[in-house]
Amino acid sequence: MRMPGDIIRLNVGGKLFVTSRTTIENAGSDSMLSAMIGENWRRDCSAASITNEFFIDRNPAYFSVLLDLLRTGELHMPAGMSEKALYREALYYGILDHVRSAKWGMLDGNMLQCTNTVRGHATGDATAIRGAQDGGCCVAHGPMVHVYDWSMEAQIALTLDYVNVNDAGFLNPERVVICTCERGDKTGGMALFNVKRGRLEHKYEVCHGGQYKNCTAGALAINDVSLFASCRGRSNEYGIGCWDQVTGKLTHFLYEGPSWPLGVACKLQWLPHSNMLMVAALYPHSDDSFISFLDMRSNNIAWSWTDAEKPAIGDEKVVMDAVAMDECSTVCVVNQFDNLGFIDTRSNNQGVRWRDHYQPGKISEAEEHSYSKLAVWGSQLFCSKNDSVYVFCTPDLDAARCVQTAKLKKSEGGDISDIAVGGERLFVLHNEENVFDVWETPGSFSTANCF
Amino acid sequence: MSTSKKKAFRIEPFKHKVEIDPKYAERTWKVLDEAICEIYNHNASGLSFEELYRNAYNMVLHKYGDKLYMGLVDTLSRHLKNMASTIEAAQGGLFLEELNRNWLEHNKALQMIRDILMYMDRTYVPNYNKTPVHELGLNLWRDYVVRYPKIKARLLDTLLDLVYRERSGEVINRGLMRNITKMLMDLGIDVYQEDFEKPFLEAASGFYKLESQEFIECCDCGDYLKKAERRLNEEIERVSHYLDPKSETKITAVVEREMIASHMNRLVEMENSGLVHMLIDDRYEDLGRMYSLFKRVSGGLGLVRDVMTSHLRETGRQLVTDPEKLKDPVEFVQRLLDEKDKYDKIITTAFINDKTFQNALNSSFEYFINLNPRSPEFISLFVDDKLRKGLKGVSEEDVETVLDKVMMLFRYLQEKDVFEKYYKQHLAKRLLSSKSVSDDAERSLIVKLKTECGYQFTSKLEGMFTDMKTSKDTMQGFNAVVSNADSSESPTLSVQVLTTGYWPTQSGAVCNLPAEILAVCEKFKTYYLSTHTGRRLTWQTNMGTADLKATFGKGQKHELNVSTYNMCILMFFNNVNSMTYKEIEQATEIPALDLKRSLQSLACVKGKNVLRKEPMSKDISEDDVFVFNDKFTSKFYKVKIGTVAAQKETEPEKQETRQKVEEDRKPQIEAAIVRIMKSRRVLDHNNIVSEVTKQLQSRFLPNPAVIKKRIESLIEREFLERDKNDRKVYRYLA
């Protein structure tokens, strides 16, 4: 038996919608719609309690789309509807998260579509792009960081007083951490910014024996509880620092040894599977390549690889980027000829297994050749080459036997200077004009599981 | 340039929105503020959620988030201050109810306010690092109400008073208590702990300190424990009804500390009702209570165990050393078994089979059983008694239980080889006189000994059984031959052939057998040696028995069952009427001691005196004359004339057995030394002693002095040598 209170009549901007209580409750208890029909606001003996009619002073066109989303879990926008306005309405009703998760699905390299191409604001060359947990991103160029939310709305641009940005990362979608070069006065280092308000909220200090040291923060990695950054200071503060996310205080500092550079590392990656931190010091930041896994709890190097003191033969000359595929026990590297190689991390100082059919010497004739960049997502590997991104899938957790399964290409923007994965999206940053592309798996029935 | 001119050329910043009414924020906030008031005044039915939400939304949208948030803080504070004063004004017992009522109202209002300000919570709050509305409401309630000085002290006093009254037996409103403590927990676990739990524990500590003092003065141990247990359960129940579950361990720790830990020693040692008293009276319930309560306190069980052990050792020591109780071995062992049963029951029922208590029990028994060097003998005698008669008509399972109990005592013995010695003697007697009740029981015990001590321990005992069996077969064969060859009336002979070494060695004194018997014996000897070559037979006349048919003066006929010695003596009286002691001794060559015993049994036991002694007296002297008693009468046809049997060993016999045991140990110790040295080659004195002790402890505890002597003997015989540099180190010589 259907109770009379189970039918809800909504008068939105003069248009009547009739729906069921359960559909509205799909919106979640912390949404405006649920609160409106909830116990707290159920009035005795008033007209609404008999007719169950509620008036909402909003645009019915957008409400119709959103009600459909609550009913079906799918998002269908009629042509000509402003996406931005839809987001605003969703925020009003408190169901913006539903819209976001309906928009795109789980990241799968073989199903990606380019859904957005954003033109940069800065004149200079962009150096890095990083993804946020909710699908937003930030782009660094020179002393500037531009932040975009998941709807690719430009947020506040951070200008860092003419010190160069080395790396950036999201603590959460509202907080971004930026690593910069150090300058004579107490500026530089690593700091936390509020994305919405552009405010500096915390500066991460390197502190020894009660003394604050000034240093350059290089690469950055973030896990659930800590932040890691490679540091090089003026007074031998070379190594990897680790800060607590809640207190913002330095918890420990791992100094580099005499023959193993850590402070100049240009890539840090947290490995949740093995609970370790990958630190890669690569050309041109160091003369030779050094890749190691650090166990931060016992402060030692659990695994390491280097090409120092090895005869330079052919391909193996210079490693330009490295990424760890944690579950495959493999570190994937790429050299200046865009050739992929794999290092087994189950034993120390193994050689690199290069992919043969990846022919060297195909360097593009363009003057500004960008070297390949790597990114990893689960067992999928993304490698940029010239103006395209190649997707590789690894069978049976054996990275060395990976096969190329897709090629992502957009004609605009020229060579690719950086790629990043975040919030189930792939971000591709181009050399020219600071254009970046957003690739995502189209939203489909997979989004229905949030109901 | 002048300022006025500058003003004229001011460039207006480009604005998307048209300037809205400057009073807009003020006005909107006023609507919201009034709505909040209505909500607190239970007048919400006239409010439109949609309108309020839209207003709050617009304020945030138009960057008046700050104003909205600050206004909210102000309004909430104002209302909470009002609430605080109404709560404060509540009289006596109504205070808590008033507090609870206001808390519920505040919560309800807070829910609605949060609904209205949801948009602010979602956008403004995270961006400006503010506290979300709901949490803000709780924090303000904490600061303006719960921690408002006049309320804070009164609240704590009221709560503690209620708990005190409940402890004193009054019925209180638990639901209200539960709501108030729940409120404190909702405000954060630190509020609950600081504002309530800590003082609550202190009050409990004071309460129980006083109460336990009072109880211990006027109650006996059992009652005290009962009360402590009840208090403990009450507190646990209290926690389950209206406190945070995490408080349980804390409050029970307080009760444990005040009621048990600080009076532990006094309770256990309490006169006439303490632990010893409970053990003596088998008060399982009290003991169980003591166990479960003391288990909660560190060192509690240790104390109980120690007192139990020392009591057990003391009573055990008395039991095994009291000369009165040593008179009857069977009763002695039965007492040990009873003691063991008693404590086993205590440990299973009251101490829930605690391993450490079982170990304490075992070590205590081991301690005092070995205090008496005669324990092995007595245990063997107990078995003897049981197997001779005690187990007659008892079911097989009960036999097993008795044997198992004996084995348990056997395990406590350190001198297992002494037991073996006695057991062998007693078994031999049982077998030879066919006195054993049950062959199965005998064998079952042998199997038990075998599993306990290994094959070596029982191989000779088993040999004895084999001998008995083969003897039976041999006799069948012999009887067949004899009855075929010669049907004349000669004495029937029954021989048991015993293997030397299996059986306890006896002084093989030979006596002169009567000619009739000797003839049959010779026949058997020839028969036996003809079937088994290379063997030697020796007659053990001291162990045999004989059935004689005798006719007395008035023609009354009797069958006399006597020992071989007695038979030899009586046979003389077929020809003569009287003999002197000297004549008998010369004629039979029976050893003096045995002869005296035999004559005693023939002449001095009333009702069985087939001989008369002159002069009449109890003891046999060398000048006595023995006469055939013509006038012997008995109402039985069969008369059994037992030799005055050796029950317990006499002092000299005991010494002899001891000596034999010591002799037997020598080769065992030597063998152990040689075994150890053979594998180790070089070892110092202390290590040899400890290893030998370890190897032999399943049989007996060797004396270090004896081990030293054996080592010296082995050095003399060149099995070992002393190291030239270190005299304490020995070397094995292959």
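## Basis

Residues are numbered from 1 along each chain as its sequence is written, and chains are lettered from A, ligands numbered from 1, in the order in which they are written. Local features need pLDDT of at least 70, side-chain atom pairs count only at pLDDT 80 or more, and totals for chains, interfaces and linings use all residues, while side-chain values use heavy atoms, with hydrogens and water left out.

## Chain A

Chain A has six helices and 33 strands. These are DSSP runs numbered from the N terminus: helices are H or I of at least four residues, strands E of at least two. Of the 451 residues in chain A, 54% are buried. Buried means under 20% relative accessible area, exposed over 50%, partly exposed in between (1.4 Å probe, protein chains only). Among contacts (heavy atoms within 4.5 Å) between residues at least 6 apart in sequence, 50% join residues at least 24 apart.

The average pLDDT of chain A is 82, and 87% of the residues score at least 70. pLDDT is the predictor's confidence in each residue, from 0 to 100. Over residues 363–367 of chain A it stays under 50, with five contacts beyond four places in sequence. Residues 445–451 of chain A also stay under 50, with 11 such contacts. Where pLDDT is low, the predicted coordinates should not be read in detail.

## The A–B interface

Chain A and chain B bury about 2,200 Å² between them, 56% of it on carbon and sulfur atoms. Buried area is the accessible area (1.4 Å probe) that two parts lose on being put together, summed over both. Asn40(A), Trp41(A) and Tyr92(A) supply 33% of the area that chain A buries against chain B, more than any other three residues. The contact takes 23 residues from chain A and 24 residues from chain B.

One salt bridge links the chains. Arg54(B) pairs with Asp57(A), the closest N and O atoms being 3.6 Å apart. The term means a side-chain nitrogen of Lys or Arg within 4 Å of a carboxyl oxygen of Asp or Glu. On chain A, the elements giving two or more residues to this side are α2 (32–37), β3 (53–56) and α5 (83–93).

## Val729(B)

Val729(B) lies in strand β9 (residues 729–732) of chain B. Val729(B) is buried, with a relative accessible area of 14%. Not counting residues up to four places away in sequence, Val729(B) touches Val682(B), Leu683(B), Asp684(B), Glu721(B), Arg722(B) and Asp723(B). His685(B) is 44 residues away along the chain, yet the C-alpha atoms of Val729(B) and His685(B) are separated by 6.1 Å.
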